[in-house]
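Thanks for coming, everyone. Let me put the structure up, and then we will walk through its charged pairs and its nonpolar cores.

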Amino acid sequence: MTEITRVPIKPVAKGSLTKLWIGVALAIAVGGGLAWSAVPRGLDLDVEVAGTGKTAAKGDVVFVKYKGKLAADGTVFDESQNIPLPVQGLFPEGNPFPVEEGATIPGFFQGLQQMQKGGKYTLFIPADLAYGATPPPGTPIPPNADLEFEIEVMDIMSRATFDRNLQILQQTMQQQMGAAPGGAPGGAAPGGAAEGAPPVAPGQ
């Protein structure tokens, strides 16, 4: 009868099982982290300072001070400009942006609807909700770039109030300058948006 040489199995040292399970857990966590990082990041809004009052809604005009940066390296590609506003009793500080589809890039449009007057926010916009593969010509925005905006909401106004106040401003300036009826005052751009506040999208 052939004798089988038996190799004794050494008992697991005390505490080794715990270390083994910790190692397994870490491996799973790291693997999960890698998998998570591979998933494209979506629209993200961080509240730096909470605002008050109602949240901006479709049809409103939001007056903001902002700075747009490339999320990859922080390069500033756009920021709010000083415009011939505010006008006491009519318009606050900041660049006006209509909360309307197509008026700004989709991520900016969605982000504005989560903001309140007086709030300060950091808005991360993935490329597919920004300019995608076709950024505006002449800008430092590369194709498929994720964007980040620092935004301070100065005020939120209904479109009806904005249009009424703009009409009052136009009439007042016409009277002061003796302009012919129907003439657009300096500082107003087609579509009712003030200069420095591009009606299509920030960055253009």
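**Salt bridges and cores**

Start with Lys 117 and Asp 155: these two form a salt bridge, with their closest N and O atoms 3.8 Å apart. Lys 117 sits in strand S6 (residues 116-117) and Asp 155 in strand S8, so the pair ties together parts 38 residues apart in sequence. By salt bridge I mean a side-chain nitrogen of Lys or Arg within 4 Å of a carboxyl oxygen of Asp or Glu. Helices (H or I, at least four residues) and strands (E, at least two) are DSSP runs, numbered from the N terminus.

Some ground rules. This is a predicted model, where local features need pLDDT of at least 70, side-chain atom pairs count only at pLDDT 80 or more, and totals for chains, interfaces and linings use all residues. Residues are numbered from 1 along each chain as its sequence is written, and side-chain values use heavy atoms, with hydrogens and water left out.

Back to our pair. Is Asp 155 buried or exposed? Asp 155 counts as buried, because its relative accessibility is 18%. Lys 117 is partly exposed, at 41%. The cut-offs: buried is under 20% relative accessible area, exposed is over 50%, and partly exposed is in between, with a 1.4 Å probe and protein chains only.

How many salt bridges does a search of the whole structure find? Seven. One of them joins Lys 65 to Glu 93, with the closest N and O atoms 3.3 Å apart. Lys 65 is in strand S3, while Glu 93 is in the loop between strand S4 (76-79) and strand S5 (95-98), so this pair ties together parts 28 residues apart in sequence. Lys 65 is partly exposed at 33%. Glu 93 is partly exposed at 39%.

Next, Arg 159 and Glu 100. Their closest N and O atoms are 2.8 Å apart in a salt bridge. Arg 159 lies in helix H3 (residues 159-177) and Glu 100 in the loop between S5 and H2, 59 residues apart. Asp 163 joins Glu 100 and Arg 159 in a network of salt bridges.

Now the cores. A nonpolar core is a set of buried Ala, Val, Leu, Ile, Met, Phe, Trp, Tyr and Cys residues joined through side-chain atoms within 4.5 Å. The largest has 27 residues, and Phe 108, Leu 147, Phe 149 and Ile 151 have the most contacts inside it. S3 (60-70), H2 (106-112), S7 (120-125) and S8 (147-158) each supply at least two of its residues. S8 gives the largest share, five residues. A second, separate core has nine residues, among them Leu 90 and Met 154.
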